[in-house]
Structure formats: C-alpha cells, structure tokens
Amino acid sequence: MNMDVTGAFIYFTIPIFGGIPITQTTVSHLVVTVFLCTASILLGRRLKKRPDGLQVMVEKGVMMLHNMVVETMGAHNAHWMPFIATIFLSSICGSFIGLTGILRSSTADLSCTLVWALMVSVIIWYNNIKNKGFFGWLKGFTEPIVVMTPMNIISEIAQPISMAFRHFGNVAGGGVITTLIYTSLSMASAAVLNLLTGSGWVMSVVLLAVGAGLIFWWKRSSGKVKLFFGIVCAVLGFFGLLEALGILTGVPVLAYGIPAVLSCYFDLFSGFVQAYVFTLLTMVYISSSLPEPQEAQAE
C-alpha cells in the first residue's frame, strides 16, 4: 500500500457549515459502505432451505460471528451481533481497500477509528444510564471513594482514545513503513542502475557473465553462497543491460517484491488482527454495561 505520509488528500470542499472537506477517507469509507450494503443484499437474496455453495460459506461466517458474540457478551446480548459484525467487516474492508492502490485505507485516518470508538462509548454510557439511572451512573464515578473520581473520569475518556489510536496507529504506521521502504528501494535502484550503466553496457555484461559462472559452478560443487551471489550478479547484470538498452529507463526494479511481502503483513495480517482486537474490545466494553438480568437485579 503506497500511502501519503502527509495525511488524507482533500478532493473538494462542500461550501456549507463553514466547509465540509471530502477527503480520501470519506470516499474510501463510502465505497466500503456501498460494498457491504450491496453484498448483504445480494447474499441475502433467494436463500434456500438446503443451502449449497456460496450460501453455506455465508451461513458459516454468520454463525462464527454469532458464536463469538454469544461467548464474549453472553446469550442475552446475542441481538448485538449485527452491530458487531458491521464494526468488524467495516474495519477489515476499510483496511484492505488500501491494497487497491487507488483508495486510501479508511482505518489509517484517526477520524474514522475515533468516531467508532466514541460511538461505542456513547452506547456504554446510554446503557449505564438506562440501567442505573442518571444519578446512579454519576455515583459510579465516586466509588469506592470520592478521591477516585478524577481517575474514573480519566478512565472514561481514555477508553475511546486508546481504542481509536491503537487501530489507527497500527494501520497508518504499517502504511508509512511500507511507503518509506518502497521509496528507499526506488532510490537505491536508481543509484545502482546508474552506476552499472555509467560505462555503457560493459559492466552489465560482465556481471551477467559472472553470475552465470557462479550458478554453473554451484551446480557442479553446490554451496548456497555461490548460488546467492550468482543470482544477485545475474539479476543486476540483466536489469543493468536492459537499462543500458533503454528498455527499463526509470523503472525501480529493486522496489519490486519486498514492499509486496511487507504489505501482506501490514495490510492483510495486521489489518485483520486490528479489526478483531477492536471488535473484541467493543464487545467486552458493551457487555460490561449490559449484565445478565439476574446480575442487574442483584446490583
């Protein structure tokens, strides 16, 4: 994922309420929302009593999310599954959309994850006020002793901030690291190829011959060191020759491969993990404000 480290680009500004900027994040999240809504409609049509093919996979995914909600929040909170699934899928798709190379990951913008975290906090506060009453909710800030009130207030404020920054920081940080590595490799590619082509195509041919010789030597006597240096020399000689012939002019050949491997971690693995962690924290926090009826009566 190639990310602009300066932040989301502003496409245009709607001239109302002092100006509403439409950024890359806004467009990305809109695309994710449309995609999820469209997928929900298409996958929910023409359901069969005896599922087969795609319907089996969809039902399996729904059951996995349902079981995750029940195990974490309790059976009495199973009705929260659509909300939890929306947060989870929006987070995953919001991170993965950066892989398109066209749109920016919406979760790489603090405004996106902060809105989700604040929404969760508002739900928690609403449930606490509904179950305990407004003054009962305020009383919780002074327990067990009055001196704990500042700490309790700080805890309530820190909760959405920590959720938002954890998700945003991991996704944005991964994108920035990938971009910096890609830029460094592009500069290194230009420097190496310019050095090889400084004397025309002679150096490239020599490297190509040395590489072929080392690989041939490795086949007869084995040795990983010979194979490694043989491949490196052959590849550099080959690309240097193409650069000298004007075929690869300006192409950052050394920047291919490594950023893609890093992207598999930062965009795929890390994106999925952060979506799961954010969703898990959402379930834990909301369930803490919605205890089982027996526990609520005991309180």
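Before the structure itself, a word on terms: helices (H or I, at least four residues) and strands (E, at least two) are DSSP runs, numbered from the N terminus. What you see is a predicted model, in which local features need pLDDT of at least 70 and side-chain atom pairs count only at pLDDT 80 or more, while totals for chains, interfaces and linings use all residues. Residues are numbered from 1 along each chain as its sequence is written, and side-chain values use heavy atoms, with hydrogens and water left out.

On a 1 Å grid over the protein atoms alone, a cavity is a set of points where a 1.4 Å probe fits but cannot get out, a pocket is an open set with protein on both sides within 12 Å along at least five of seven lines, and lining residues have an atom within 4 Å of a point. Grid points are joined across faces, edges and corners, and a volume is the space filled by probe spheres set on the points. There is one cavity of 30 Å³ or more, and the largest cavity holds about 40 Å³ of space. Its lining is made up of M163, R166, H167, Q274, V277, F278 and L281, with α6 (149-196) and α9 being the elements that give two or more residues. The largest share of that lining, four residues, comes from α9.

Turning to the open space, the largest pocket has a volume of about 790 Å³. It is lined by 26 residues, and L36, V62, L65, A85 and L89 lie nearest its centre. Here the elements giving two or more residues are α1 (24-43), α2 (54-73), α3 (81-96) and α9 (258-288).

Now the packing, where a nonpolar core is a set of buried Ala, Val, Leu, Ile, Met, Phe, Trp, Tyr and Cys residues joined through side-chain atoms within 4.5 Å, and buried means under 20% relative accessible area, exposed over 50%, partly exposed in between (1.4 Å probe, protein chains only). The largest such core has 17 residues, and those with the most contacts inside it include L65, V69, W80 and M283. Two or more of its residues come from each of α2, α3, α4 (110-132) and α9, and α3 gives the largest share, five residues. Apart from this core lies another, of seven residues, among them C112, A117, M163 and A164.
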